[in-house]
Amino acid sequence: MKPDFRRTMIWLHTYTGLLLGWLLFAIFLTGTLSYFNDEISQWMQPELSAHQQHENMINISLARLKAQGTDVDKWRIDLPGQRNNQWRLQWQKGKERQSLYLQGESGEQVTPRATQGGNFFRTFHYTLELRNYGGRYIAGIAAMFMLLALFSGIFTHRRFFRDFFTLRKKAVLKTLTDFHALAGIVTIPFCLMICASALIIYIGLYMPWSAQHYLDGGTRELNQKVTTYLPKLEPGSAYREPISDFSVIAGQVAKLWPENPNINRITVEQPFAANGRIIVERTRKLSLSNKSEVLVFSSHSGEPLAGMPPERIARKIRRIFYGLHEGHFAQPGLRWLFFISGLLSSALIASGLVIWLYKRLEKVKQRHAGHFIVERLNIAGIAGLLLAIIGYFYANRLLPVDIDERARLEIGAFLFIWLVSLQHSLFRPANKAWFEQLSLASLACLLLPVIDIIQEPSRLMRAIEQHNLIYLGFELALLVTGLLLYKTVKALLVKPKQVKQKQVKQKQVKQKQVKQKQGKEDKKVTLKHKLKRINAGSKADVV
Amino acid sequence: MNPALSLSARCLAAIVGGYIVAALSSLALVPVQMSLFDNRLEDAILIATMFSYLVYIAVIIDCFCRSSASRAWRNVLVYSGIFLTVCYYGGGLI
């Protein structure tokens, strides 16, 4: 019974991992990148210079927004913070929304290039660019599969700690297997947290039955009932001039949030009405929940109004899962920890896929279609995705700035490069395809900072002058990625021949030994044999 | 039974059966909560829905712990039956 259970677990681990492995790799890698969503966006909009919040910022914004006319329904001011440098104004008339970017001490207008920035990775990792075609359901199923693979993966190890402390370096496949076990054990808590919270975020999509059964409006009504809102504004209120000096409110905000009065966003609803209100949102990095704390003031007198009523506990729990997944609370150190855990999980998935294939190729003489498909998808799914991501950054720098539909074109470039990589992997021998795609990715990573400098040397100079660690960090990250990829390519180049010969030899020796033993000892299982089997089996039957 | 068939049956029980049991539990736990803890309806629904994920995972584990696929399916049916009964008789509480 017991070994049987373990065997089922191994089977489950192997095939849940294989079936959605490539999808999971794409989701994990792009999701990991979106931990640095704001930083990536900053690099992708080099027109915006780094700046801190200064006192005049809000007053300048208010003056600019007032000039947009008195029939505007809503203003919104996004202020730069520690991680993002966007000072953005938005105003809304009915359903029509317009926006502009400001910068500098006096607030000159700038037009940054149109791009989705890091946000593309964020939306891609759960919608897969298939929002209206069930992309979020697919992502949810993938999360569930990851949980299953993780859970069954734990059972595949007979001796958990011994496997954890083993890293055999002699053969690539063994190193990979050991690395797979090691990374798996290290990232268990991270993966559990990420997958579980991912499923909770879209709980209304994945488990709508209860709400549909008990409420007429389904999940939408449920959400409206458990979420709290500010009271609705009555239309037709008298005309009142909104405040132009924000310091009245700033003083109150500083009193109410003494430890950290950083404001993330200011929304003004019905700015020219007597019942208009100013909603001040605090930065989200101070709480675990994804709901931002707000204060509400009158738009013409600056007097405090009734704030947001507290939410129901059940809703808060969901918010906290949401917040945990997004990690807005994470300070730089913790953010890097999350990022590295994410990268390790991606490497875990990728190594699993590679192991599946080579474990089987070792044993069979005649390849069948399954091996071919897995091999090609491995190349396109792992190396191809890397290429596509880097291609996305290239598109950001190389596409003309004032072209139409620029943001869409960047995403188009991402998808197109991925497709090309798949085609390339289909028509080249596997080893060469791996080598070519990885070395291209490495070269591209190393070249991008150079291209950036050649294109506009002032950007780098400005970043150095302003101590813009985010900009410099991104370039550095590109170089490090390029070097790592280069190392991988080199390792791939040297090893395959030696390893194959070695493995073939080892295999022959082993077979001989086994044959001899079988001949000598017939069916008796001696202690020695048992020991040998355990030694060989502990890792071998993992996969 | 053919091992491949048995395994597929087991997986089906775990994934599809588990989801059905979880969905039923999200229905059944609402009247239970309302009568035991005096929760509000919307809270009860949200909690039951979130809790159903735990049920799902528990059922999946359970399916792979049974000695045969038919037992796994039997269990799925038993759980569904229990939750359906609770639903049926608990419906009057709302």
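This is a predicted model: local features need pLDDT of at least 70, side-chain atom pairs count only at pLDDT 80 or more; totals for chains, interfaces and linings use all residues.

Residues are numbered from 1 along each chain as its sequence is written, chains are lettered from A in the order in which they are written, and side-chain values use heavy atoms, without hydrogens and water.

Rolling a probe the size of a water molecule over the atoms shows where empty space is left. A cavity is a set of points, on a 1 Å grid over the protein atoms alone, where a 1.4 Å probe fits but cannot get out; lining residues have an atom within 4 Å of a point. Grid points are joined across faces, edges and corners, and a volume is the space filled by probe spheres set on the points. Searching the whole structure gives four cavities of 30 Å³ or more.

The largest cavity has a volume of about 470 Å³. It is lined by 27 residues, of which A:His13, A:Ala149, A:His180, A:Leu348 and A:Gly352 are the closest to its centre. Two or more lining residues come from each of helix 1 (2-33), helix 5 (135-155), helix 7 (172-201) and helix 13 (332-363) of chain A; helices here are DSSP runs (H or I, at least four residues), numbered from the N terminus.

Helix 13 of chain A also holds A:Ser346. This residue is buried, with a relative accessible area of 2% (buried means under 20%, with a 1.4 Å probe and protein chains only).

Terms used. On a 1 Å grid over the protein atoms alone, a cavity is a set of points where a 1.4 Å probe fits but cannot get out, and a pocket is an open set with protein on both sides within 12 Å along at least five of seven lines; lining residues have an atom within 4 Å of a point. Buried means under 20% relative accessible area, exposed over 50%, partly exposed in between (1.4 Å probe, protein chains only).
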